[in-house]
Every structure is written in C-alpha cells, then in structure tokens.
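Please read them alongside the coordinates.

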Amino acid sequence: DMHACWCAGFVLLLFTSHYQHPAVGDASQSDNIDDADDVEVYDARGAGDASFDAGTNSNKFKFDSTIDNKGSSPESKSETRLRDVVVIVRTQKNSFHLQRAEEQNSLWQEQFSILQDKPATILRIHEDWAPEGAWTIFPLIAKLAPMSSKWYFFCEDETVVSFSRLLEVLARYSSEESVLLGRGLRDDQTTIIHHYAFWDDPSRSISYPDFAAGWVISQSLVKRFAKRLNKKQLKSDFSIDVQHEIGMFLYDDGKGIRMTPVPEFCAGSKGEDSKHCATNIPLSLKDCGRVPVEQIFFAVKTTESYHERLNVIKKTWKRDDLLITFFSNVTDPSIPTEDTGVPNVERGHCGKSYAILEKAGSEKKYSGALWTMLVDDDTLISVGHLQRLLACYDPEEVVFLGEVYGYGQSSGHGYPYVTLGGGMAISRAGLQKWKQVAQRCPCPALDTPDDMWIGSCLHHAGIPLIHRPEFHQARTQDFSRQYLEHQTAVSFHRHADVDFDRLYQNELSDE
C-alpha cells in the first residue's frame, strides 16, 4: 500500500471541506528566486553544551588530523573557507532531537574557533525562517538561491563533521560549476518507493545522496535548481524517499547532472577508512537505556481474511511477555483477535484505526503503557530495537514517531504523515492529545486512508511528527543496501517475496 494518488486527492478534498484554515504558503512567492526574501541567517556561535555522542563508546567517531587525497578526485580548484559554506541541518521539533542538535553545534563551534575563520552559517529547519515542508529540501531552495555563499552542506542532527576535512574536499571543486557531492546510494532493482524509476533497465539507475552522511550542492547548482523549480512542477505530490527524489530531480531525465560520490563522506560502513572521512554517523542507536517491554502496547490491525498473516508475527517478533492485541472485524478466540466493532473495508481503514486508538487510550488494560505501537498485520518488528529507540524520548511529551512521508510538502503545502505499514509509536501524552484531535477531526468515511488522514489532522492541530529512518514502510529489497547497512532497523513491511526468518534474524533480532 503506497497510497495511490486518488487517496491523496480524496484526503485533501475531504480535509479542506471540513476545515477553513489559512494556506501554509504561496508557491508563486516561495519559488520566485528573484524575490530576495529577508532570510534571517543564524550564526549559532556559543549555542549548546556537552560533547556530541556519536553512538556507543565503541562507535564514537574520531577524525584523524591528516588526509591523503591522492588520486581520489580532481586537483584543487580554489581555496575554500568556512565563511563560504552554509550548513543546513534537518532538525526536528522534539526535545531529544533539539538536544542532539545543540550537542552537535557545540562540537562545531569548537572546530570553528580552532580554524580561526569567520564561522560557517548554520541554518536549522525547525526554526521560523524555514518554509512549510522544509524537510523535503525543495521549498528551501528559493530561500537559499539569493544568498551569496559558494557551498551548501546539508546534514542530519546526528551527522558528525570534520570541517577542516570538508573544506579540503570542497577545495577540489568549483562552486561556479553545477556540483552535487555526497555518499552515493544506488538501487539494485526498481522499487515502489522510488516510483519504479528505471523500471525498463535498472542498471541505468543513478547514485543519490545518503542524507545521514551529509551532501553538498554548489552555488551554481542552487541557482539552477531554483530556476527549474520555478518553471517546472514536480512530478509527484508525494515525498517518500527525499534522498532519491532530490537525485532524480537534478538528474532531470539525463538532461541534468549526476551526483559525484565522495569517499570522504562516510557512514561507518565496511571498506571505509575513517581516518580519511570528512563526515560520519553513529553505527548504533544512542544508548538511552531500554523502555521496559510491559510499558509498550502493541496494537496490530488485521481482518478476518488476513488472519493467516498473524502466524508470521507469532513465529518472529511476538513474545509471551508482550502487551499485544490483534484487532480485527471478528472475535476469534483461537488466535485470539478482538472485534473493533468496525466492519472491514477494502482500503483506507480510517474507521478501524480510530477505533483502535480510542481503545488504546481509554481501556483500563492498556493504562499502564507509556507507548502505543500501531502496526499492520504484515509488519515485522524488532521489539528490542524499539525498546532502545523509545528510551530516548519522553512519554510525557507529545510524540508521534515513525517513517514520515509527505503529501504536497515538497511544494510548500499539504502535510506530513507517518506511514502505518512501518508502524507508528505514540507516547502516552500523544495518545491523550489524540483524543482531543480526533473529536475535532473525525474520519470522513471508514475507508479514508488512515495514515494520511491522521497526519493531516495532526498537522492542522500543530503537532509535529518525528521521522525515524529505522522504520520502513517497505521490504529490505526495496531499499539500497548501502542505506540499510548503517541502520539499526526497527521495522519492515509487506510479506511478498520475503524470507521472514532470514529477514528477522539478519535485520531485526536483538540477540
């Protein structure tokens, strides 16, 4: 279920008919590169404290003081200084992520003082300057194009950066040329999450940037990017894998540019020499402890015709100590399942998901849970990895967490939503907040797309979603191998052509 276009149009139409609220932005204004908006430039010197923990002690990343560039790329093109670089961090509005960004910034400021140059400009997308949908990158380009910086470096709030080494890399290229640099990801086969790009010949697939390792575009490419956005509408309203969507837009069916893979952009993978890295990322989840398993309620959404799928759950991730309920349209004591009281429909399942969340937030048997994990009956989960990940978040803070997609976000409109195939984790405070939201934003129909409608309701209520790449709406073979190798996966979705035992043991087992 990858949310067909009719679903998106249906949800948007229904949502706008329920609510009269101001538009999130005017595309004609935000995409005009000749309109030099007043961009508030953030020089974040002095912000943050403590050191940045790049993972467990065994996975902390340390940069060497020297680098050997022989034979790796072109000879030096120009001198590059810190003041020539704008850093854009994909931060998120949540206390854990903001603290991580502050720790990251503290280390960066230490580096800036050592390099004795005017610091790089640091922009964070959770702040007020960023337009709607900034996490998809596309709406940011009109903001960046009027700036005069030579290079634009994008990264996540967990990316570790050696700025001295990054400057050495950038010095090998000219900002007056259209340049896209990064750690290359590449698909082994055509995949649904990439809109079946290169379906006729997967060997033609392009390399696209691994956001976690950081990526760079030149001043020339930013301006070219902005001009094309002004002239041409994006092919899809959906934001599914922004990394690939950026690469494909700049490739422009072969008329644009290809990404240049840079070996100094690292992800802690086999074959990478960390002594030569300009960037790196943690190889494991941050050590925040573990949420006790009895404090997580697993709500599995199923229907009578798919009860056989539950056998896979029982053979893999279900354990005797889990607080788990299989919610169906019938009661079957042999499994057992619980009837939600909502008749089954072929698609959408909004009514069923609303009923499950209502039960999770009101029934006494679930009252001890600090977290609710809502999943499909064909979702595979690592319970142990989930316990470790959720320990980093405060259950008394409103949290809706999972793999985040977007509808209309790349054009500066629409809303983000958590894909329920990969699972959505909701904090206790989030579940209580949802009761209020659901009352004001009821399901228009039983078969309204549930994850999209929930996302639109939360967005209208001003509640941010938290994206975690460890959650996956699709199967392992639908993702680049290089992308998965630096993750501690929490979930995968769909049963077609999947060796369940092998997938669980290789990717999800916490033993």
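Is C443 buried, partly exposed or exposed? C443 is partly exposed, its relative accessible area being 22%, where buried stands for under 20%, exposed for over 50% and partly exposed for what lies in between, with a 1.4 Å probe and protein chains only.

1. On the basis of the notes: this is a predicted model, in which local features need pLDDT of at least 70 and side-chain atom pairs count only at pLDDT 80 or more, while totals for chains, interfaces and linings use all residues. Residues are numbered from 1 along each chain as its sequence is written, and side-chain values use heavy atoms, with hydrogens and water left out.

2. On the disulfides as a set: taking a disulfide as a pair of cysteine sulfur atoms within 2.5 Å, the count comes to four. When the bonded cysteines are counted along the chain, their pattern is 1-2, 3-5, 4-7, 6-8.

3. On C350 and C443: these two cysteines are joined by a disulfide with an S to S distance of 1.8 Å, and because the torsion about the S-S bond is about -90°, the link is left-handed. C350 lies in helix α9 (residues 350–362) and C443 in the loop between α11 (428–440) and α12 (450–460), so the bond ties together parts 93 residues apart in sequence; helices here are DSSP runs of H or I with at least four residues, strands are runs of E with at least two, and both are numbered from the N terminus. C350 counts as buried, at 0% relative accessibility.

4. On C288 and C392: here the disulfide has an S to S distance of 2.0 Å, and the torsion is about 90°, so the link is right-handed. The pair connects distant parts of the chain, with C288 in the loop between β11 and β12 (296–301) and C392 in the loop between α10 (383–390) and β17 (400–402), 104 residues apart. C288 is partly exposed at 30% relative accessible area, whereas C392 is buried at 13%.

5. On C266 and C277: a disulfide with an S to S distance of 2.0 Å joins them, and it is left-handed, with -95° about the S-S bond. Both of these cysteines, C266 and C277, are buried.

6. On the sheet: three strands make an open antiparallel sheet in the order β9-β18-β19, where pairing requires that DSSP finds at least two bridges between two strands. The edge strands, each pairing on one side only, are β9 (238–239) and β19 (415–418). Between β18 (residues 404–407) and β19 there are four bridges, and Y407 has Y415 of β19 as its bridge partner. Helix α12 packs on this sheet and touches β9, β18 and β19, its direction making about 130° with that of β19; contact means heavy atoms within 4.5 Å, and the axes are lines fitted to C-alpha atoms, for helices over the stretch in contact, with angles from 0 to 180 degrees between N-to-C directions.

7. On D450: this residue of helix α12 is buried, with a relative accessible area of 6%. The D450 side chain makes a polar contact with the side chain of S353 at 2.7 Å, the term meaning a pair of N or O atoms within 3.5 Å of which, within protein, one must be able to donate a hydrogen and the other to accept it, and residues adjacent in sequence count only if both atoms are side-chain atoms. Leaving aside residues up to four places away in sequence, D450 touches several residues, including H349, C350 and L420.
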